[in-house]
Amino acid sequence: TWVTELPVQLCKLVSITHLDVGLNNLEQLPDCLQELTMLGWLGLNWNRIAEFPAALSRMRRLRTLLVDSNTRTTRLPSAFGGLVELESLSAKNRRLQDVKELGNLPKLRRLNLEQNELNELPEMMMLNSLHCRFNKLTALPFLPRLHEIDIAHNRISSMPLLPSSLQTLQISCNPLRLTAEDAMFNIRRLIVSSSNSVVCPEISAFPEQTFQVEVVDCE
């Protein structure tokens, strides 16, 4: 049976560190959630939450937050900006158009924003992993600590500035042509579009490769 609201008695479990209430029919969260001061992992996937309470920003120990497939809002609430310890966020399939609050998260390292409607991203100085396929991105901010990035199926037409730390680049199915002049730094794995897609990177133009190249279709 789907749960439509969380009982306030839950907030008395002040010592819990992990809470998963995904795959329900929740439309709102109780303000008393802020009393779960030890909570480090919170799963809210596949609900109908339109507004997140301001109390969420007071969960100072929260390091992992999953809010996939809550499609009733197009932007992340300002409360997210208060999650100063957050290291990992997954917000896939939400129709998001605005995620500027993520620029206020000093410890965010892993981010998944696949299948949204984003045109741009904020600067995120500590980010190591970004998955942002199936959006409407036309450019990227400089993300100096990235190790892996998946920006397939966007609208990027020119090679973004890449950090020297980057090892995996998935950039297939963008209106982009890579050339031998594009800096690859320490990349070990490059995933691009096949010759059947709109753009075929000139893979043969690259010098003796020290990285793995994978060619995929855009179907």
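Leaving aside neighbours within four places in sequence, Thr-64 is in contact with Gly-40, Trp-41, Leu-42, Leu-86 and Ser-88, where contact means heavy atoms within 4.5 Å. Thr-64 lies in strand S3, residues 64–66; strands are DSSP runs of E with at least two residues, numbered from the N terminus. With a relative accessible area of 16%, Thr-64 is buried. Buried means under 20% relative accessible area, exposed over 50%, and partly exposed in between, with a 1.4 Å probe and protein chains only.

The model is predicted: local features need pLDDT of at least 70, side-chain atom pairs count only at pLDDT 80 or more, and totals for chains, interfaces and linings use all residues. Residues are numbered from 1 along each chain as its sequence is written, and side-chain values use heavy atoms, with hydrogens and water left out.

Strand S3 belongs to an open sheet of 10 strands, in the order S1-S2-S3-S4-S5-S6-S7-S8-S9-S10, with parallel pairing. Two strands pair if DSSP finds at least two bridges between them. Strand S1 (18–20) and strand S10 (212–216) are at the edges and have a single partner strand each, so one side of each is left without a neighbour in the sheet. From one strand to the next, the twist averages 5 degrees; axes for such angles are lines fitted to C-alpha atoms, and angles run from 0 to 180 degrees between N-to-C directions. At one end of the order, strand S9 (residues 189–193) runs parallel to S10 and is joined to S10 by 5 bridges. Arg-189 has Gln-212 as its bridge partner in S10.

Next comes the nonpolar core. A nonpolar core is a set of buried Ala, Val, Leu, Ile, Met, Phe, Trp, Tyr and Cys residues joined through side-chain atoms within 4.5 Å. The largest one has 55 residues, and Leu-65, Leu-89, Leu-102, Leu-113 and Leu-121 touch the most other members. Neighbours within four places in sequence aside, the contacts of Leu-65 include Leu-42, Phe-80, Leu-83 and Leu-89.

The structure has 2 disulfides, a disulfide being a pair of cysteine sulfur atoms within 2.5 Å. One is formed by Cys-11 and Cys-32, with sulfur atoms 2.0 Å apart. This pair links distant parts of the chain, with Cys-11 in the segment before S1 and Cys-32 in the loop between S1 and strand S2 (41–43), 21 residues apart. Cys-11 is buried at 2% relative accessibility, and Cys-32 is buried at 16%. The other disulfide joins Cys-173 to Cys-218, S to S 2.0 Å. Here Cys-173 is in the loop between strand S8 (168–170) and S9, and Cys-218 is in the segment after S10, 45 residues apart. Cys-173 is buried at 12% relative accessible area, whereas Cys-218 is partly exposed at 29%.

Salt bridges number 8; each is a side-chain nitrogen of Lys or Arg within 4 Å of a carboxyl oxygen of Asp or Glu. One of them pairs Glu-27 with Arg-48, the closest N and O atoms being 2.9 Å apart. Glu-27 is in the loop between S1 and S2, and Arg-48 is in the loop between S2 and S3. Glu-85 forms a salt bridge with Arg-63 (3.8 Å, N to O) and another with Lys-107, where the closest N and O atoms are 2.9 Å apart. Arg-63, Glu-85, Glu-87 and Lys-107 are linked in a network of salt bridges.

How values were computed. Helix = DSSP H or I, 4+ residues; strand = E, 2+ residues; numbered from the N terminus.
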